[in-house]
Amino acid sequence: MSGGGQLKPSNPNSFSPNSSDPTPFHLPSNSFLLFASDQKMDLSLSASDSPLLNDTVDGAVDFQGHPVLRSSSGGWRSASFMIGVEVAERFAYYGIGANLITYLTGPLGQSVATAAESVNIWSGISMLFTLLGAFVADSFFGRYRTILFSSAIYVLGLALLSFSALLPTTTSLLCQNSNEISSCSTAQFQLVLFFVSLYLIGVGQGGHKPCVQAFGADQFDAQHPQEAKSKSSFFNWWFFGVCAGSFVAILVVTYTEENLSWSLGFGIPFIMMVIASVVFVFGKNTYRYSVKKYDKSPFVRIGRVFVSAARNWRASSTFIFYQEESATDLSQQKAGQFRFLNKACIVPNHSNQCGMVCSMSEVEEAKAVLRIFPVWMTVLVFGIVFAQDSTFFTKQGATMDRSILSGFITPAAAIDSFVPLSIVIFITIYDRVFVFIARAFTGIQSGITTLQRIGTGLVISAISMLVASMVERKRLRIAEEQGLVDRPDITIPMSFWWLVPQYTLYGLAEVFTLVGLQEFFYDQCPSDLKSMGLAFYTSVLGMGSILSSLLVSVIDEATGANGQNSWFSDNLNKAHLDYFYLLLSGLSLLAFVGFLFVSTSHVYSR
């Protein structure tokens, strides 16, 4: 402290108050920090003499690095910006992804199985990119700047995708039947540009998705009773906004793509992302920016715990080093899970490595991350189920009667809108009715625990796959009765409304499991790893998509050998999606049993 009575940042190089970049800076764990904007602040004033001090939010600053006031920042005011941005981003993502399999099997000429694999791989890798985006945000740039960078990449990918749709495709007659090298080269360039732009969108989505949601949750102070309650509702209304955006996208964009122009259909999401980026920057002065608690990267701290524990696994100890503020937690740690990590706090006999010893708070961070992995593993099957609505559900609906009102034909991908529509309805009922009733019985603020919510969704997803299998079996039977088995070009006289139950159950499962996973991973990750926590959630869907692609590939090879009809034959009237859905239903039940075992032994971090 200087003679003028001012407190200065512990690391003056980590933050510049006049900088336009609100990258979080570091605070000692047992100190507080006040900033002076244009004049010195007299720290001799007590909190009672300065009411504004009572209104500040601990662990957060404003865009310029000043202490942030609760009354003029954060809360639903700022979170609404995040929800609006995510509505536009999901509009863009689902505007591309919902009908992607139709574009691949149509203009690009891929088979059904290959197109499904392509969609699953792209979706999976895009979701896994969230781990990279979260790592960059939590270790280097902070959430705000990561969102800006990823939005720029996102917009670039969408612009290139729209442009690629203007070029000739590989299925054009000119390329197939002509010896003109230039024509085929143009078509090949279109194919390369299409996939490059598609994966640029994946990279942009990878940085955008976990950071926007974590940044939105940061706008609520978990230590404030009313804001803590609002944070639980935030995840519900966040998902509501996501589904509202995807619902509109599926209806508007898919119709535009199939009836007007693929390039225009891809261009609409581009416009929405530009608007979303402008909206996000517009709200920067209302946001709360989190302050990091430690100088070292959270990944370095956690990695050091595992290294130290491994180094000391056979060592006897002379003392256990821990910070004074962690002393009260020591007995709790001994009674907790993963006790072997406590050895990271041990200084071996005759050792001069006291400076390398880990604190108990660092050990608890490592334990918190380790605790979530069993849950992550057991919900991967849900990720496989999640991949089906944009692939086989869509191809299934394409064979059915989709006429509505005087001959209007609904695009097959538009049927997928029943998923977000059901979510919008059920999320409202859940937040306004179910939570209120459940709270009266359980006494839990959120009605039920996050793990109970996830488990309920796993059961519903198994039921949805069972219903899908039954509907598909009926579709195959009608095709056989009408003599249409060898006529895949003829519409089967079975209304697409038969698909509504499986879509509705599918949406209900997401209300429980996906929202539960978001809240669980965000809450259970250490404070400096909130973006990574939400990346763990999206990585479930990413790994599920990749596993779905692998499963489809293996089954296609096994069932299509020796000239037999594959379960995923291009002629769906000879395929057996009913068997595949039944398999997924069984796998979902097995995953639920594993989840029950894991959840009953899980110890919540807080």
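**Salt bridges and their surroundings**

A: The protein chain has an accessible surface of about 25,900 Å², and carbon and sulfur atoms own 63% of that. Accessible areas come from the Shrake-Rupley method with a 1.4 Å probe, and for residues only the protein chains shown count as cover. The model is predicted, so local features need pLDDT of at least 70 and side-chain atom pairs count only at pLDDT 80 or more, while totals for chains, interfaces and linings use all residues. Residues are numbered from 1 along each chain as its sequence is written, and side-chain values use heavy atoms, with hydrogens and water left out.

The chain contains 18 helices and nine strands. Both are DSSP runs numbered from the N terminus: helices are H or I with at least four residues, strands are E with at least two. Of its 606 residues, 54% count as buried. Buried means under 20% relative accessible area, exposed means over 50%, and partly exposed lies in between (1.4 Å probe, protein chains only).

Now to the salt bridges. Arg 90 and Glu 86 are both buried. The two also take part in a network of salt bridges that links Glu 86, Glu 89, Arg 90 and Lys 209.

Another salt bridge connects the side chains of Arg 304 and Glu 362, at 2.9 Å from N to O. Because Arg 304 sits in helix H9 (residues 298-311) and Glu 362 in helix H11 (residues 360-378), this pair ties together parts that are 58 residues apart in sequence. Arg 304 is buried, as is Glu 362.

What about Asp 489 and Arg 487? They form a salt bridge whose closest N and O atoms are 3.4 Å apart. Asp 489 is exposed, with a relative accessible area of 57%, and Arg 487 is partly exposed, at 41%.

Next, a part built from strands. Two strands pair if DSSP finds at least two bridges between them. Strand E1 (residues 56-61) has two bridges to E2, and Thr 56 has Leu 69 of E2 as its bridge partner. Two bridges also join E1 to E3, where Ser 290 is the bridge partner of Ala 60. In the hairpin of E1 and E2, with five residues between the strands, Gly 65 has a positive phi near 90°.

Last, a part of the surface. Leu 421, Ile 425, Ile 429, Val 433, Phe 436, Ile 437 and Phe 441 make a nonpolar surface patch of about 710 Å². Patches consist of residues with over 30% relative accessible area and no salt bridge; like charges are joined within 9 Å, and nonpolar side chains (Val, Leu, Ile, Met, Phe, Trp, Tyr) within 5 Å. Ile 429 lies in helix H14 (residues 418-442) and is partly exposed, with a relative accessible area of 42%.

How values were computed: Salt bridge = Lys/Arg side-chain N within 4 Å of Asp/Glu carboxyl O.
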